[in-house]
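Before reading on, take a moment to look over the sequence and the structure side by side.

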Amino acid sequence: MQDRKKQTHNAQQTVLDLLAYAAGGALYAAAVRVFLAPNDILLGGFTGISTVLHHLFGTPIGTVVFLLNIPLLVLACRKFGAAFLLRTGLATLLSSAFMDLFALFLPVYTGDRLLGALFGGILGGAGLGLVFLRGATTGGADILSKLLRLKFPQMSMGRLILLLDLAVVLLSFAVYRSFEAVLYSLVAIYVSAQAVDLAQTGLSHDKLLFIVTEKGETAVREIVETLDRGVSVLDVRGGYTGEKRQMLFCAVRASDAARLAKAVRALDDSAFIVISDISDVLGEGFKSRTAV
């Protein structure tokens, strides 16, 4: 019975992965073909390099993106394993194929370049965020950012991609000879980085509460019974007198943070409460994310 449930769960996850890679790849490809490439705006990475080559020689953007990614995919396989290679290879193939496919029939936007940068950045970032959410990337700077995150785990994927993409955009100035194109590309990259993080963390972050109180046991009971959340308890020295108190450590939904703080203050009006934003919580009661 357990094996059947596990197989069903794995099958469901595989279907969700495929849908996310297809939807994310389509959004990213549409951003490039409709809003960015027609206006000489780059998102950086291998897509940016391929867009520059398309401008110079008319080469297909998607095909060149995939070819450039092949050696990087081999390197990533050594670091992250065959499963990552399979997921990222599929996501890269889909987004690359959509780029060349969309070039055949999607209309292009050549109006206000600022609007092109904004909408291209939003669509592209949302597409990348969907792919990242299911444990893959679309190659290029995305893989490099994952490799760098092994050394700098405190930095978000969006920020790392932003730094890597800046280098490509600055180099593109030599091709386009347009300072405006660089500025619009910077706008698109920044908006894309924000959209990546937003797609992964949602509209509201979860909250982390540190509560120092003399009534720790009562507060723990209130939190568990009212919000059905786990609480960690540490003995600390608090207040001006250095008296022994308890510090509660609790992660909750953003919508529950104010209610929890109010309940604790009702039990102990001298409680010291710190509320902080957090972007990811892995564990029971929170949304699980695939970590690679």
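F105 counts as exposed, because its relative accessibility is 51%, where exposed means over 50% relative accessible area, buried under 20% and partly exposed in between, with a 1.4 Å probe and protein chains only. The model is predicted, so local features need pLDDT of at least 70 and side-chain atom pairs count only at pLDDT 80 or more, while totals for chains, interfaces and linings use all residues. Residues are numbered from 1 along each chain as its sequence is written, and side-chain values use heavy atoms, with hydrogens and water left out.

**Aromatic rings**

- The structure holds five aromatic pairs; rings of Phe, Tyr and Trp (for Trp, its six-membered ring) pair if their centres lie within 6.5 Å, and planes under 30 degrees apart count as stacked, over 60 as edge-to-face and the rest as tilted.
- The pair of F98 and F102 is stacked, because the ring centres are 5.3 Å apart and the planes stand at 25°.
- F102 also pairs with F105, and here the centres are 5.9 Å apart and the planes at 80°, so this pair is edge-to-face.
- Both F98 and F102 belong to helix α4, where they are four residues apart, about one turn of the helix.
- F102 counts as buried because its relative accessibility is 11%, whereas F105 counts as exposed.
- One aromatic cluster is formed by F35, Y109 and F119.

**The chain as a whole**

- The chain has 10 helices and four strands, which are DSSP runs numbered from the N terminus (helices are H or I with at least four residues, strands are E with at least two).
- Along the sequence these elements follow the pattern α-α-α-α-α-α-α-α-β-α-β-β-α-β.
- Of the 292 residues in the chain, 43% count as buried.
- Among contacts (heavy atoms within 4.5 Å) between residues at least 6 apart in sequence, 73% join residues at least 24 apart.
- The accessible surface of the chain comes to about 15,500 Å², and 63% of this surface belongs to carbon and sulfur atoms.

**Buried residues and nonpolar cores**

- The largest nonpolar core has 29 residues, of which V32, L36 and M99 touch the most other members; such a core is a set of buried Ala, Val, Leu, Ile, Met, Phe, Trp, Tyr and Cys residues joined through side-chain atoms within 4.5 Å.
- Two or more residues of this core come from each of α1 (2-36), α3 (61-80), α4 (82-102), α5, α7 (157-176) and α8 (179-201), and α1 gives the most, with seven residues.
- Apart from this core lies another, of 12 residues, among them I211, A219, C250 and V252.
- Leaving aside residues up to four places away in sequence, L36 touches A31, I41, L43, G116, A117, G120 and A188.
- N69, which lies in helix α3, counts as buried because its relative accessibility is 0%.
- Beyond its neighbours within four places in sequence, N69 is in contact with F46, T92, T138, G139 and G140.

**A residue at the surface**

- L115 has its place in helix α5 (residues 113-133), and L115 is partly exposed because its relative accessible area is 36%.

Definitions and conventions. Accessible areas come from the Shrake-Rupley method with a 1.4 Å probe; for residues, only the protein chains shown count as cover.
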